Amino acid sequence: MSGHVGIVLVSHSAALAGGLRELLGELASAEVRVVVAAGTEDGGLGTSYELIARAVVAADSGAGAVVLPDLGSSVLTARTVLEDEPRPGVVLVDAPFVEGAVAAAVTASTGAALAEVVAAAEEARGFRKL
C-alpha cells in the first residue's frame with residue numbers, strides 16, 4: 001500500500017462536515033485525503049448512499065480509509081454502502097465524530113498504517129475535556 005490513510009466524514013449536515021474538514025485541514029498533513037459525504041444530493045439534511053460510495057473511493061489513495069459517521073442513519077447508510085460495495089482497507093469506525101476525526105487525521109499525517117489510524121480514532125472516545 002502507498003500514500004496516507006484517508007478519511008471519510010459522513011454527516012447529516014454538509015455544513016457540519018465541511019467545518020470539520022476545514023479544521024482537519026489545519027491539523028493534518030495535506031497528504032491526508034479528507035472527503036465529505038454529507039447531506040443529500042440536493043443539498044438537504046440527511047445521508048446519501050451515492051455520496052458515501054463516491055467519497056470512499058475518493059479518500060483511498062492506496063493505504064486505506066476510515067469512515068467516520070456522525071450518528072443515526074449516517075451509521076446505517078455507511079454500513080450498507082460498505083456491505084454492498086466492500087473495499088479492502090476501508091473501515092467503518094465507532095468513534096466520536098469530531099474527536100475521532102481529529103485523532104485519525106493527526107495519526108494518518110504521520111504515515112501510520114490503517115490499524116493505527118483506526119485505533120487512534122476509537123481511543124478518542126476516552127478523551128476528557130475537563
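A residue counts as buried when its relative accessible area is under 20%, as exposed when that area is over 50%, and as partly exposed in between. These words are used throughout this report on a predicted model.

## Overall build

The chain has five helices and four strands. Read from the N terminus, these elements follow the order β-α-β-α-β-α-β-α-α. The radius of gyration is 13 Å, close to the 14 Å that the globule rule gives for 130 residues, so the chain is as compact as a globular protein of that length. Along the principal axes, the C-alpha atoms fill a box of roughly 40 × 35 × 25 Å. Of the 130 residues in the chain, 45% are buried.

## Salt bridges

Side chains of opposite charge can pair when their charged atoms come close. Three salt bridges are found in the structure. The table lists them with the distance between nitrogen and oxygen.

| Pair | N to O distance |
|---|---|
| Asp60 and Arg87 | 3.5 Å |
| Arg125 and Asp94 | 3.7 Å |
| Glu99 and Lys129 | 2.9 Å |

Asp60 and Arg87 form a salt bridge. This pair links distant parts of the chain, 27 residues apart: Asp60 is in the loop between helix 2 (49–59) and strand 3 (65–69), and Arg87 is in the loop between helix 3 and strand 4 (90–92). Asp60 has a relative accessibility of 14% and therefore counts as buried. Arg87, at 31%, counts as partly exposed.

Arg125 and Asp94 meet in a salt bridge as well. Arg125 lies in the segment after helix 5 (114–123) and Asp94 in the loop between strand 4 and helix 4 (97–109), so this pair ties together parts that are 31 residues apart in sequence. Both Arg125 and Asp94 are exposed, which means that each has a relative accessible area over 50%.

The side chains of Glu99 and Lys129 also meet in a salt bridge. Because Glu99 belongs to helix 4 and Lys129 to the segment after helix 5, the pair joins parts 30 residues apart in sequence. Glu99 has 23% relative accessibility and counts as partly exposed. Lys129 has 71% and counts as exposed.

## Patches on the surface

A patch of negative charge lies on the surface, where Glu41, Asp42, Glu50, Glu83, Asp84 and Glu85 gather. One of these residues, Glu83, has its place in helix 3 (residues 73–84). Is Glu83 buried or exposed? With a relative accessible area of 55%, Glu83 is exposed, because the cut-off for that class is over 50%.

The surface also carries a nonpolar patch, formed by Leu23, Leu27, Val98 and Val106, with about 290 Å² of accessible area together. Helix 1 (14–27) and helix 4 are the elements that give two or more residues to this patch. Among its residues is Val106, which lies in helix 4. Val106 has a relative accessibility of 38% and so counts as partly exposed.

## Some buried residues

Ile7 lies in strand 1 (residues 6–11). Its relative accessible area is 0%, so Ile7 is buried. How far apart are the C-alpha atoms of Ile7 and Val66? They are separated by 5.0 Å, although the two residues are 59 residues apart along the chain.

Ala55 is found in helix 2. With a relative accessible area of 2%, Ala55 is buried. Ala55 and Ala38 are 17 residues apart along the chain, and their C-alpha atoms are separated by 9.7 Å.

Ala59 also lies in helix 2. Ala59 is buried, with a relative accessible area of 0%. From Ala59 to Ser48 the distance in space is 16 Å, C-alpha to C-alpha, and the two are 11 residues apart in sequence.

Terms used
Residues are numbered from 1 along each chain as its sequence is written. This is a predicted model: local features need pLDDT of at least 70, side-chain atom pairs count only at pLDDT 80 or more; totals for chains, interfaces and linings use all residues. Side-chain values use heavy atoms; hydrogens and water are left out. Patches are made of residues with over 30% relative accessible area and no salt bridge: like charges are joined within 9 Å, nonpolar side chains (Val, Leu, Ile, Met, Phe, Trp, Tyr) within 5 Å. Accessible areas come from the Shrake-Rupley method with a 1.4 Å probe; for residues, only the protein chains shown count as cover. A salt bridge is a side-chain nitrogen of Lys or Arg within 4 Å of a carboxyl oxygen of Asp or Glu. Lys and Arg count as positive and Asp and Glu as negative; His and the chain ends are not counted. The place of a charge is taken as NZ of Lys, CZ of Arg, CG of Asp or CD of Glu. Buried means under 20% relative accessible area, exposed over 50%, partly exposed in between (1.4 Å probe, protein chains only). The radius of gyration is taken over C-alpha atoms; the globule rule is 2.2 Å times the number of residues to the power 0.38.
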